[in-house]
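Here are my notes for your read-through. Keep the structure open beside them and check each point as you go.

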Amino acid sequence: QVSWKLEDHPSLPKGKTIALIVLDGWGEYEPDEYNCIHVAQTPTMDSLKQGAPDKWRLIRAHGKAVGLPTEDDMGNSEVGHNALGAGRIFAQGAKLVDLALASGKIYEGEGFKYISECFEKGTLHLIGLLSDGGVHSRLDQVQLLLKGASERGAKRIRVHILTDGRDVLDGSSVGFVETLENDLAKLRENGVDARIASGGGRMYVTMDRYENDWDVVKRGWDAQVLGEAPHKFTNAVEAVKKLRESANDQYLAPFVIVDENQKAVGPILDGDAVVTFNFRADRMVMLAKALEYQDFDKFDRVRVPKIRYAGMLQYDGELKLPSQYLVSPPEIDRTSGEYLVHNDVRTFACSETVKFGHVTFFWNGNRSGCFNPEMEEYVEIPSDVGITFNVQPKMKALEIGEKARDAILSRKFDQVRVNIPNGDMVGHTGDIQATVVACKAADEAVKMITDAIEQVGGIYVVTADHGNAEDMVKRNKSGQPLHDKNGNLQILTSHTCQPVPIAIGGPGLAAGVRFRNDVPDGGLANVAATVMNLHGYVAPSDYEPTLIEAVNN
Ligand code: 3PG
Ligand code: CO
């Protein structure tokens, strides 16, 4: 039985309107030409920085501070927003899968038993992102799963790959496919009929999110399930090399692998087992719906095979989707959002589609929907569909700013929470000039929101979920940009391990409130308690400590 009532803060008042702004992909790094935040005009964020150390500081947003396996793991939006919303650090999917594989528990659970009943007569299909990015999936986990499943009776295995180039360097897909082909060849030597069956670039095939564009999922379905794609190859390494001539890894066209008679080697058929091996939910849950739901009208599935399907994790605990899974997801309970609705804090949350679930679903511990619709309003601004965001780097920053401003001025809400996507979404394209434009637009949106806070006498908290736009090149250990063998700069499309800023301010911030100096290792998980304080409450005792103190002067 959870006691939802929060204790009153001894000195901070209630009833202030708080804007909670999360800049996606906005880290802190040395100023140079590849730091798009530095290059861009960002007067609002620059002026917040002037408030250091009392009103501006850096916090950790990667590695163990957000529940990832190692300090080499860059941050990402899932774990970042989970930590921001939950106020505690949970071992995340990447780590939980590692543990389950290492202990062998993954093979003892119900999910594996369920799929393994197909091994005798059917094929085991593995679908997911093929890279070592560690954001949605990890190649070494796939390798262990292939080995483990074949040792436990899988005789025919088909892998449906999605190439990355977003959490890892563009062009690295070829190497990952070669590695996988090697492993599959070894399995074949041991009598397992194991092959790559289909593929495509993650942003064009399968891995859409928040129902932005179902065509993406359909393209994957056609290749993976129906065995149909515009491109047919007999070899996956060749396929990726050839398709890279007209697109980068993220956007490779869908392809199927065919035999000498041009017949697809691995459509998904009745009696087969399917595992989606991504541990992260947002970009797999749409396919999970297509695989699992009887009633489904998002696109014409043409043929719906009778399969046994399991996710690497359960992707949505509220929807119980998928119903079977190999590893239990982190149990992120008692999030700050749930506490706040029980303590009369009325919340407004907004972003555009591509980040909407970040400030809602991830924020609330991977839970769909509101806790209490009477206390909360979630607004999604439709993202542009079918473009890469470097051609539209301003995205919907202005619209998000306007919605937040209106929500603040309406005085109907105590917390107005937004995610401003530009630094991240444009940063992932690797287009440096566009990312500079993106950062400027994000800064303008912050200004719009902090101006509204000025008008209502409120408080703002501005932070970010992880780094991205502040460093757009791969560097050596001493920080020099790296070049590939043709002398081209190695563009970093991925997130970084940099810390992120957090700033507090606004006319409603009580005099004497400042950042403490005794939480030097503070991270994203410390933000929830901080915000609860600003709402006039003390955070639950097991939350990571607040970053602020109120000194009498
Ligand atoms: C993506 O899914 O776009 C990237 O892999 C990670 O980006 P995000 O963590 O910022 O969403
Ligand atoms: Co990102």
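1. Start with helix α12. It lies across β1 (18–23), β11 (347–352), β12 and β13 (415–420), and runs at about 150 degrees to β11. Lying across rests on contacts: two residues are in contact if their C-beta atoms, placed from the backbone, lie within 7 Å. Axes are lines fitted to C-alpha atoms, for helices over the stretch in contact, and angles run from 0 to 180 degrees between N-to-C directions. Helices (H or I, at least four residues) and strands (E, at least two) are DSSP runs, numbered from the N terminus.

2. A word on the source. This is a predicted model: local features need pLDDT of at least 70, side-chain atom pairs count only at pLDDT 80 or more, and totals for chains, interfaces and linings use all residues. Residues are numbered from 1 along each chain as its sequence is written, while chains are lettered from A and ligands numbered from 1 in the order in which they are written.

3. Next, the sheet. In what order do the seven strands of the open sheet stand? The order is β2-β15-β14-β1-β13-β11-β12, and the pairing is mixed. Strands pair if DSSP finds at least two bridges between them. In general, strands of a sheet pair through backbone hydrogen bonds, either parallel or antiparallel. Here β2 and β12 (376–381) stand at the edges; each has a single partner strand, so one side of each has no neighbour in the sheet. On average, neighbouring strands of this sheet are turned by 15 degrees against each other, direction ignored.

4. Now look at strand β15 (residues 500–505). Is it covered or open? Mostly covered: six of its six residues are buried. A residue is buried if 20 or more other C-beta atoms lie within 10 Å of its own, exposed if 12 or fewer, and partly exposed in between; the C-beta atoms are placed from the backbone. Both faces of β15 are covered. Val500, Ile502 and Ile504 lie on one side, with Pro501, Ala503 and Gly505 on the other.

5. β15 has a neighbour in β2 (residues 56–59). The two pair in the antiparallel sense over four bridges. Trp56 has Ala503 of β15 as its bridge partner. Strand β14 (residues 459–464) also runs antiparallel to β15, and three bridges join them. In that pairing, Val461 stands opposite Ile504, and Val462 stands opposite Ala503.

6. Stay with β14. Six of its six residues are buried, which leaves this strand mostly covered. Ile459, Val461 and Thr463 point one way, Tyr460, Val462 and Ala464 the other. β14 also pairs with β1, this time in the parallel sense over six bridges. There, Thr463 in β14 is the bridge partner of Val22.

7. Which helices and strands cover helix α3 (residues 77–86)? The cover of its buried residues includes β1, α11 (336–342), α12 and α16 (527–534). Ten of the ten residues of α3 are buried. Among them are Glu78, His81 and Asn82. Just after the helix, Gly87 takes a positive phi of about 70 degrees.

8. Check a helix pair too. Helix α13 (residues 397–409) and helix α15 (residues 432–456) pack at an angle of about 10 degrees, with their axes 8 Å apart. That makes α13 roughly parallel to α15. The cut-offs are these: under 35 degrees is roughly parallel, over 145 roughly antiparallel, 65 to 115 roughly perpendicular and the rest oblique. Residues that meet include Leu398 and Ile408 in α13 and Met448 and Ile449 in α15.

9. Finally, the domains. The protein is divided into domain 1 (18–88 + 332–550) and domain 2 (94–327); such bounds come from an automatic or database domain assignment. Their centres, taken over C-alpha atoms, are 32 Å apart. The contact takes 24 residues from domain 1 and 23 residues from domain 2. Helix α12 (residues 353–362) gives the largest share of the domain 1 side, four residues. By class, that side has six nonpolar, 14 polar and four charged residues. Ala, Val, Leu, Ile, Met, Phe, Trp, Tyr, Cys and Pro count as nonpolar, Asp, Glu, Lys and Arg as charged, and the others, Gly among them, as polar.
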